[in-house]
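Hello,

Here is the structure I promised to pass on to you. Please have a look at it first, and then read my notes below.

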Amino acid sequence: MAPASQKKVKKSASESINSRLALVMKSGKYVLGYSSTLKTLRQGKAKLIIIAGNCPPLRKSELEYYAMLSKTGVHHYSGNNIDLGTACGKYFRVGVLAIIDAGDSDIISKPPTDA
């Protein structure tokens with residue numbers, strides 16, 4: 001019975017990030033994609049970046065490095081890029097996204113935690 005309860009906790013955590021992400025897509029400002037995310041990180045506009053689970057390691061470390069320099073939060077999404085695209089309400093894959101303005105969501109003030 002213990003593994004089932006762990007799965008429930010993980011599912012509710014991912015549902016939490018998905019619902020917060022949906023609110024950002026509706027009311028906030030964001031950019032999708034690697035190049036646009038790097039631009040916003042260099043400009044210092046990004047507040048939080050979300051990286052898909054299957055992002056290549058070199059690209060992931062480069063994004064983390066830029067985020068560290070610009071003092072931006074990083075969240076590693078538990079699903080792959082297809083799941084992240086679906087969570088954003090898009091019909092395409094999203095490897096990385098940067099949140100510039102959270103809008104009505106509390107995704108930046110309360111960073112999502114995955115167990």
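A word on the element names first: helices (H or I, at least four residues) and strands (E, at least two) are DSSP runs, numbered from the N terminus. Please keep in mind that this is a predicted model, in which local features need pLDDT of at least 70 and side-chain atom pairs count only at pLDDT 80 or more, while totals for chains, interfaces and linings use all residues. Residues are numbered from 1 along each chain as its sequence is written, and side-chain values use heavy atoms, with hydrogens and water left out.

On the overall layout, the protein has four helices and four strands, and from the N terminus on they follow the order α-β-α-β-α-β-α-β. Of its 115 residues, 35% are buried (under 20% relative accessible area; exposed is over 50% and partly exposed is in between, with a 1.4 Å probe and protein chains only).

Next, a helix pair. Helix H2 (residues 34-43) packs against H3 at an angle of about 20°, and their axes are 9 Å apart. That makes the two helices roughly parallel (angles under 35 degrees; over 145 is roughly antiparallel, 65 to 115 roughly perpendicular and the rest oblique). The axes are lines fitted to C-alpha atoms, for helices over the stretch in contact, and angles run from 0 to 180 degrees between N-to-C directions. The crossing of H2 and H3 is left-handed, meaning that the near helix is turned anticlockwise from the far one by less than a right angle.

H3 (residues 57-69) also holds Tyr65, which is partly exposed at 47% relative accessibility. Lys71 is not a glycine, yet its phi is positive, near 55°. With a relative accessible area of 77%, Lys71 is exposed.

Finally, how many salt bridges does a search of the whole structure find? The search finds one, a salt bridge being a side-chain nitrogen of Lys or Arg within 4 Å of a carboxyl oxygen of Asp or Glu. The partners are Asp106 and Arg20, with their closest N and O atoms 3.4 Å apart. Asp106 lies in the segment after strand E4 (96-101) and Arg20 in helix H1 (residues 2-27), so the pair ties together parts 86 residues apart in sequence. Arg20 is buried at 17% relative accessible area, whereas Asp106 is partly exposed at 28%.

Best wishes
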